[in-house]
Amino acid sequence: MKDKLRRICLLLMLISTYAYASAQITINGNVSSADDKQPLAGANITVKGTTNGVVTDLSGNFTIQVDSQEDILVFSYVGYNSEEVTVGVQTNIKLVLVPNVESLDEIIVMGYNSKTRNEITSAVTVVSGDKLKDVTANNIGTMLQGKVAGIEVVDASGAPGSQPDIRIRGISSFSAPQGPLYVVDGIIGGSFDPNDVESITVLKDAGATALYGSQANGGVIIVQTKTAQFGKNKFELRATSGIRTADHGHVRMMDSETLYKYHREYFRDPTYFVVDDRKFLAVRPESLKEINTDWLAETFKTAPVHNYYLASSGTSGKLRYYIGGTYYNETGTFINTDYNRINARANTTYSFTDKVSLTNNINLNGSKTNGYEYMHIYYSYVNMPWDNPYDSDGEARSYKNDETIWSKDKINPIQAAENSEFLSKDFSVDYDLVLNVELLSWLSFSSTNRLSLYTGSSKTFYSKKADDLSYTGTGYINVTDNLNYGGISTNLLKFNFKISDHRINGLAGFETQKENMEFNSTSGTGIPEGLSAPSVASSQIEIDGAPSTSILQSFISQANYNFRETYFLTGSFRIDQSSAFNPDNRTAYFPSVSAAWLVSNEGFLKDNKIINNLKVKASWGKTGMKDIGPSMYLEQFKYTTQIDGQSAAVPFQMANDNLTWEQTTQMNAGIELGILSRVTLNADFYNNNTENLLVYKDLPPSGGFRKQWQNIGQVNNKGIDLSISTTNIATSKFTWTTDFTLGVNENKLEGFGNDTITNANSYGIVQIYHSGGTLYSWYAKEFHGIDENDGSVLWVAEDGSLTKDYNSARKIEYGSPVPKLQGGISTEVRYRSVSLKAAVSYLTGNKIYNYFRRYVDHDLQDVKFNVMEPMSDWRIWQKPGDAADHPLPQNARNSYDPSTRYIEDGSYLKIRNITLTYSLPAKLVNNLHLSAINISLSADNLYTFTRFSGQDPEVSINPANVGLPGYAEFKYPNNRQFLASLNVTF
């Protein structure tokens, strides 16, 4: 009886189980990213209101059982907007998740540590690797243009291998370096290839940068290179090829016919204002027009550019690895210039246990550059179209000793470039060793270490037959070798514990940096034809060289507190000791404190359907600057003379035992706002005051010493950084996003007392510095205009009246090259497998000294220079009553001498990039056993909207590059770039 009863119960259970199973619905599907069409492994799918859930596999596939067609599936993935789908009659669901404009759970790499986005209390901007890929360049700065509020990126040269100037929140230094500190994979310094970058984090205020102390006055850029994700083995191949053309801006040099007509103006009588054609034809025969050389077309050519990248990443047991290699080849648009670079990186992390891991990273970089001579660019613009650069055999001919040449200096830049060499070779290696040990559940130890080596050699050579102002007939060679090597070690204890609603974490430890630098240089003249080594020089032989060592020791500490993930407080304190200063001044202290209130985590906003993120924050702290070179407080002598046949030194730099750190006190207040998970607004207001400016000051010659480093005055930068990101439309098939950045900066000098410091170049262009002024203010004679009666130049005299005497004109301050406003706009439209991206950048509120015009817009005061075609609104005076801005050539005395006439508005708006990308259909890709194939076409630096009349309003603001920031002369032009790319992952 009992057996029968058991059989009946078992039968009922089987029947009920079968009935239940029959009632369930099986749903299969796939989850992928709307951003790159890649499958999302590990995405969560749950039945709403239940604990029933699954995760996607490596291919983004899933299978889940639901009870009824009314059930709702919730799809979620970190960093993406969640989606809800009602089952209905569907049995196969393919869903595309859209990236969240900003995820509060996103981990942000801050250098010494990492934080979730909601824990950040300072001004920090993160740019993902995907947002950097729209521009192909050999540097990260160009890729960042217009993408981060408060960052100014200036492509000051289009030469192969050139690097841009980068400024964060204005310029806070006078003579000292002004660029940001780079931190690669958590360690100060290091080299990397843009293809290896996973993300960029920009630290802009002292709340984030004070932890880097004396090296962070210019802000900090954190570079995180790629690593493998657990459970995913991946290969990536990217091949990019295209062409570049030189962008000469508004500059169009006159051809033979146009220049010939313009030269007639030189013979316009200053009394009767008519052209004397008899005199003109006597010295300008019409046969001149038979030769029409377009020098820019002869010296600047369309040039190819290639970038090839191959990488593999994955896991093998307890090992994670990433291996990447890049070959970059860029032929210059100017003749005989190019740049080749190869980079290899290997990142590995081995987890011995869940508490002990060891990371080994190595980066190898080698490059070779064929550079150029500034004067060769110069002659390409100013040489006359009436001169033929080639002989009867089609070879570039020498202009020396040729009396038929019209061009001033008689130098053929093509012949000069073919008979000279400007070669540099560089190699660097960085090896990182990182040990992480969890000592207790709340305490860990990390030791991050890097050894770096750089070696480089450069060669400057002029053949004796090269057209040159100095070395024709003698030749010249200079060979310089550089060797830099050193290391950095950071050892930290890190704590992290939680007590009820309170969480406290932080770090404390020590850091040591040491760098050794050596250089040797040999030069000489009298080079036999066919040879190009210093050993064959026969005269003016000079040998130079010096070693130097710099050491920095630091104590580092930081503590972070948060209460209920709503109230956050961070404090840091760093002590630096540097060998750059006198022992009495070697120690500096860099504190900071910052706080944030995540309002959206309060009960009254936590479930708000409109405001998904609201945070207010504030910070205060100090950073510093000491990078002027080792031991610059000491006297320096130069061995540049001889006495009785023995080497002798002459005084050069006067000692200054009181020389000390340049320090910046920074304050920041900001707000972050997220609306409907589609709009993110970040606004930061800052006030940075830099004291004890490091100034390399000229001394009176009577004292014997020429220079001295001094601490003088202070500079204040205050402004606003604003960024807005929006997801305008987001569906499974169509998305449209936009990003807008704006940076406003006001710069002011104080603390100079009654002193006024002037800085001038050899042409008499002057910048001045005084209390109440702006950094790098131009100081020049005031140009008024052109006299309508006789076409002469009018100046403003000291009493405000007009004068024709240049020497009687008054000098005035006339703007600064420091911009007041800059930013960028980018947008992306994606439909199914096609995406279109566009990006522009803009800048305004600055003045550039366009000394380029002195040579190509000279009012025929230098008749052996060619002339640029006039801008559309320029007018040349020809008769009484003419309203003109260019004088009668016969009355143009001093017209091209230094004055406000050539100081121009440097505002511009640039179309930085347009990229069209197509992702091949998944079915086709899967049949090829691949993960994704993307094909893209892009155009970079397409067009510049500007009234600036020179080559390009992007002018260097680095004193080390040009002597006078904002001074424009003959630059290697920036390039337009047109590329095709193939990206394959598998």
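Reply:
**The sheet, then the interior**

Three strands form an open sheet in the order 41-42-43, with antiparallel pairing. Strand 41 (783-786) and strand 43 (802-803) are the edge strands. Each has a single partner strand, so one side of each is left without a neighbour in the sheet. This is a predicted model.

Look next at the pairing within this sheet. Strand 42 covers residues 793-796. Two bridges join strand 42 to strand 43, in the antiparallel sense. Val 796 has Leu 802, in strand 43, as its bridge partner.

**Cavities**

The whole structure holds eleven cavities of 30 Å³ or more. The largest cavity has a volume of about 410 Å³. Its lining counts 31 residues, and Ala 137, Thr 142, Asp 155, Arg 244 and Asn 975 are the closest to its centre. Several elements each supply at least two lining residues: helix 3 (140-144), strand 19 (319-331), strand 49 (908-919), strand 50 (932-945) and strand 52 (975-985). By class, the lining of the largest cavity divides into nine nonpolar, 15 polar and seven charged residues.

The second largest cavity has a volume of about 120 Å³. It is lined by 16 residues. Nearest its centre lie Ile 168, Arg 169, Asn 217, Gln 666 and Asn 688. Strand 32 (662-675) and strand 33 (679-691) are the elements that give two or more residues to this lining. The lining of the second largest cavity divides into two nonpolar, twelve polar and two charged residues.

Strand 32 and strand 33 run antiparallel, joined by 13 bridges. Gly 670 stands opposite Asp 684 in strand 33. The two strands make a hairpin with three residues between them. In that hairpin, Leu 676 takes a positive phi near 60°.

Strand 33 is also joined to strand 36 (residues 714-730), again by 13 bridges and again antiparallel. Here Asn 688 stands opposite Asn 717 in strand 36. Asn 688 is also one of the residues nearest the centre of the second largest cavity. Side chains in a regular strand alternate between the two faces of the sheet.

Ala 303 lies in strand 18 (residues 303-316). Its relative accessibility is 1%, so Ala 303 counts as buried. Beyond its neighbours within four places in sequence, Ala 303 is in contact with Gly 242, Ile 243, Arg 244, Thr 331, Gly 332 and Thr 333. Among these contacts is Arg 244, one of the residues closest to the centre of the largest cavity. Thr 333 is 30 residues from Ala 303 along the chain, and their C-alpha atoms are separated by 5.4 Å.

Helix 8 (374-382) is largely enclosed by the rest of the structure, because seven of its nine residues are buried. The buried ones are His 376, Ile 377, Tyr 378, Tyr 379, Ser 380, Tyr 381 and Val 382. They pack against helix 7 (295-299), helix 9, strand 22 (420-440) and helix 10 (852-856).

A loop lies between helix 8 and helix 9 (413-418), and Ala 396 is in that loop. Its relative accessible area is 17%, so Ala 396 is buried. Setting aside residues up to four places away in sequence, Ala 396 touches Pro 389, Tyr 390, Asn 412, Ile 414, Gln 415 and Glu 418. Tyr 831 lies 435 residues from Ala 396 along the chain, and 53 Å separates their C-alpha atoms.

Gln 415 is buried, at a relative accessible area of 5%.

**Helix 5**

In helix 5 (residues 256-263), the buried residues are Ser 256, Leu 259, Tyr 260, Tyr 262 and His 263. Seen down the helix axis, these fall within an arc of 165°, so they line one face of helix 5. In an α-helix there are 3.6 residues a turn, so residues three or four places apart point the same way. Helix 6 (277-283) is part of what covers the buried residues of helix 5.

Terms used
Residues numbered from 1 in each chain as written. Predicted model: local features only at pLDDT ≥ 70, side-chain atom pairs only at ≥ 80, totals over all residues. Heavy atoms only, no water. Pairing = 2+ DSSP bridges. Helix = DSSP H or I, 4+ residues; strand = E, 2+ residues; numbered from the N terminus. 1 Å grid on protein atoms, 1.4 Å probe; cavity = no way out; pocket = protein on both sides within 12 Å on 5 of 7 lines; lining within 4 Å. Points joined across faces, edges and corners; volume = space filled by probe spheres on them. Nonpolar A, V, L, I, M, F, W, Y, C, P; charged D, E, K, R; others polar. Buried < 20%, exposed > 50% of the residue type's maximum accessible area, 1.4 Å probe, protein only. Contact = heavy atoms within 4.5 Å. Arc of directions from axis to C-beta.
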